[in-house]
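Dear colleague,

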Amino acid sequence: MPQVRERLWAIVAPRLQVVEHGLELIDETFDCSNGQLGPVDCLARDALGAPVLVLLAVEGDMLLTARALGAIEFLDRVGNALAAAIPEARLVPGARGRVLVIGTEASTALLHGLRRVNSSRLQTCMLEPFRLGGEERFAVRWMSAQAAAEDPSQTAAASEEFAVPEGHKACWSALQRICERLDPEVLVEGERFARRITWRGHRLGEVVVRAEGLIGSAPGAEDVVLAEARDVRGFADRLLRGYLAVREPGAGSPGAAAIVREGHSSPSSAKRAEARAASQGSIRSTLAAARLSPEEYSALGGPDEGPAAVSAGAADDVARIVAAQESPWPPTAATD
Amino acid sequence: MAADGGDGLTEPHRAALRGAPRPGSTRILLEPNLDASKPTGGFLRRFFRLAGAAEPSRAREATVIAFASGKGGTGKSFLTTNAAICLHRAGRRVAVVDCDFGLANAHLLFGVTPRYSVQHLLDGAVSVQQALTATPYGPGLVAGGSGVSSLAELDARHMQLLGRALHWLAGCHDVLLLDCPAGLSPQSLTTVLASQHAVVVTNPEIAALTDAYALIKCLARQPSRPQIHLIVNRVTQAGLGEATFERLADVSRRFAGCEIHYIGEVPEDAAVSQRRLGQPPLTVSHPQCATSQAIQTVLRNLECATGGLLPMAGETPGVEARMAAQLRRW
């Protein structure tokens, strides 16, 4: 049995990030039972900064359940004090600790037994090996305690419930709704602390849980904390761009048609070049270039002092709209 | 099937059934892409091609016209609603979409209290069919929002949803009128660029003129833009509209390299500004007044300029595709 444990540990230790996003090894052989039951296999920190006591389930380990229960009791007793007691672990005070039992096919019976332990602190998962190109890899199968109690033959849930931090649940729900509406084939899947958003295998983005909250990351863009509805909309905007890019590759390049069309009556080559440059930019950049020059303003019949007030009307309207955000529906305002 | 003919089938039916492929001789392949109008494929399109039959063309899509202006209060909503009523009376199926997501008022001019607005549509709470409100004067209306997020908060996803809604509306109407919000924003500009014709509504005063020019200048810089038409509203003396147009067209030509098309002027009418909520639109209550007549003239000119406001067909990108093209440039 010790050799089996050694081999399993050699596999698990460098792959904690694969088992769960953000899971980080703090120290091996963490003994929390005064030597009575033997040490847990490691102390780790999860993406939220909470302590995780990791146990390996090895076939024939008759004390596994006892050690798991001991670890749960330990966390119940002193879990909140661990942050202060192990400062080098950089645990987040108040973050709820848990016990994670990792097994293999050989220890299925032990894991099934553990799933009858009714504690929200306990989680079990199974590593399922397979070979790809001659290389051994592992799939992580999370096991649901609730399902086991009801139906032992139903072994596992494909992925765990996403551990969305309190205060970010509304943002996560909003983002899920957006993904659903974006395309029925957009998949949101992953594990406890990470969800990948894909469309037909193309990665559109990822949402992960870190100590600072819910983080959205999309290819080619900086990570963003999804703290408010505005952040979610911004992140969804990036997802949409990625979706459009993979759905219609090659579409775009909007500049060509414009250059042809503009040729007919441009005032000068400089103006044409300016228009061409603007046309190849984004809509926002063309809006920024819409400010009237003094010559244009004067030609329209305005006073010569300049176009200071030119955009005032439009700005006023935008302000008017913004101010109306909280007005009731239907409005009773005067007509346009 | 009864052998004695008691099944009620006639001989031609029997012959047809005898000639039909037997089970096992035909492989039926199902694929989700049934859109025959897609240029690059689609099951139905390939089916028609293999059968040697004429391939079906893209479904007809309404002419989409955006009424826009740089400045608020120029009379966009007034002209949009009355134009819709006139077009409906001329026998066209018309829908108005109030794209003013912040301060909508087209429903007030139509005298209806819609249950759902574009806000519900963009939130995914209702379908476009549910959001489409019938008005007493004929045209359908998708009411704008109020208390909705401001224009600046509408992101590309919302605009994509709007594009899908417009696509559906365009498929079951002849003319789609978009009452665009005042001001320049990516959202309002995208809406205008998704249309085939942009009707810029301005007034002779300098503030409205400069804001209209700012909008035209923005449109002129886009890689694909709608045809730009100009209406000069609230004209205090006959001919002032054309003079205003001449000035604006000259500046647009010289500085923005853009041609605009004049479709008429609408006189200043105290009866319009003094109208109260609940009163029928002017073209209904006073169809013979100068303003109503001017609106009719403007519409005739618009029809001439657009080739009869005929629904679009063929391989031309539809309103959803045009909007999607703009969203890629956000």
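Predicted model: local features only at pLDDT ≥ 70, side-chain atom pairs only at ≥ 80, totals over all residues.

Residues are numbered from 1 along each chain as its sequence is written, and chains are lettered from A and ligands numbered from 1 in the order in which they are written.

Let me start with chain B, whose secondary structure comes to 14 helices and eight strands; helices (H or I, at least four residues) and strands (E, at least two) are DSSP runs, numbered from the N terminus. Of the 330 residues in chain B, 53% are buried, where buried means that 20 or more other C-beta atoms lie within 10 Å of the residue's own, exposed means 12 or fewer, and partly exposed falls in between, with C-beta atoms placed from the backbone.

Helix α9 of chain B covers residues 206-220, and its 15 residues should span 21 Å at 1.5 Å a residue, which agrees with the 20 Å between its end C-alpha atoms; the expected span is 1.5 Å times one less than the number of residues. Because 14 of the 15 residues of α9(B) are buried, this helix is largely enclosed by the rest of the structure.

In chain A, strand β8 (residues 194-199) and strand β9 (residues 202-210) run antiparallel and are joined by six bridges, and two strands are said to pair if DSSP finds at least two bridges between them. Within this pairing, A194(A) stands opposite V208(A). The hairpin of β8(A) and β9(A) has two residues between the strands, and R200(A) takes a positive phi near 50° there.

Strand β9(A) is also joined by five bridges to β10 (residues 213-217) of chain A, again antiparallel, through a hairpin with two residues between them. In that pairing R210(A) stands opposite G213(A).

Most residues other than glycine have a negative phi, and most peptide bonds are trans. R90(A), however, has a positive phi near 50°; this residue lies in the loop between α4 (82-85) and β4 (98-104) of chain A and is exposed, with 12 other C-beta atoms within 10 Å. R234(B) has a positive phi of about 55° although it is not a glycine, and it belongs to strand β7 (residues 227-235) of chain B, where R234(B) is buried, with 24 other C-beta atoms within 10 Å.

With best wishes
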